[in-house]
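Me: Can we go through the salt bridges in this one? Let's start with what the terms mean.
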Amino acid sequence: MDIASCRDKTVKLMTSNQLPEQAFPIYFGKEKHHGTGYGLGFSVRTEITDWDPAGHVGEYGWGGAASTHYWSSPADKLIVVTFEQIMPYESDTEFGTKKIIYDAIRK
């Protein structure tokens with residue numbers, strides 16, 4: 001296998017859900033994260049749900065302990081990083097900015 005093929009296969013494994021159906025729904029503390037799976041490195045949107053209605057299927061990313069957020073939507077050619085320092089972890093900034101950003105690039 002050449003390096004480019006190996007790289008492409010590795011990125012696909014990292015950015016697509018690798019969990020079996022029995023692992024769902026995913027819990028983060030007491031909160032259910034419907035429509036979220038995990039690749040080998042990132043959380044991955046597997047479907048649109050009420051938990052994150054502005055999200056797009058195929059986006060992947062990660063959140064940090066103090067509510068920092070990173071997500072990428074390859075279909076939209078988009079990468080977003082937000083830096084908050086809010087403990088305990090919350091998703092308000094990610095969800096608040098996500099809809100605004102997606103609405104802006106779709107106009």
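Reply: A residue counts as buried when its relative accessible area is under 20%. By that cut-off, both K98 and E59 are buried. Keep in mind that this is a predicted model.

Me: What do the side chains of K98 and E59 meet in?
Reply: A salt bridge, with 2.5 Å from N to O. The pair links distant parts of the chain, with K98 in helix α2 and E59 in the loop between β4 and β5, 39 residues apart.

Me: And K98 with D52, how far apart are the closest N and O atoms?
Reply: They are 2.9 Å apart, in a salt bridge. K98 lies in helix α2 (residues 92–105) and D52 in the loop between β4 (43–45) and β5 (60–63), so this pair ties together parts that are 46 residues apart in sequence.

Me: Is D52 buried or exposed?
Reply: Buried, as is K98.

Me: Different spot. Which residue forms a salt bridge with D76?
Reply: R106, and the closest N and O atoms are 2.7 Å apart. D76 sits in the loop between β6 (69–73) and β7 (78–82), while R106 is in the segment after α2, 30 residues apart.

Me: Why does D76 count as buried?
Reply: Because its relative accessible area is 18%, and the cut-off for buried is under 20%. R106 counts as exposed, at 52% relative accessibility.

Me: Which residues do shared partners join into one network?
Reply: R45, D52, E59, E94 and K98, through salt bridges.

Me: How many salt bridges does the structure hold?
Reply: 7.

Technical notes:
Residues numbered from 1 in each chain as written. Predicted model: local features only at pLDDT ≥ 70, side-chain atom pairs only at ≥ 80, totals over all residues. Heavy atoms only, no water. Salt bridge = Lys/Arg side-chain N within 4 Å of Asp/Glu carboxyl O. Helix = DSSP H or I, 4+ residues; strand = E, 2+ residues; numbered from the N terminus. Buried < 20%, exposed > 50% of the residue type's maximum accessible area, 1.4 Å probe, protein only.
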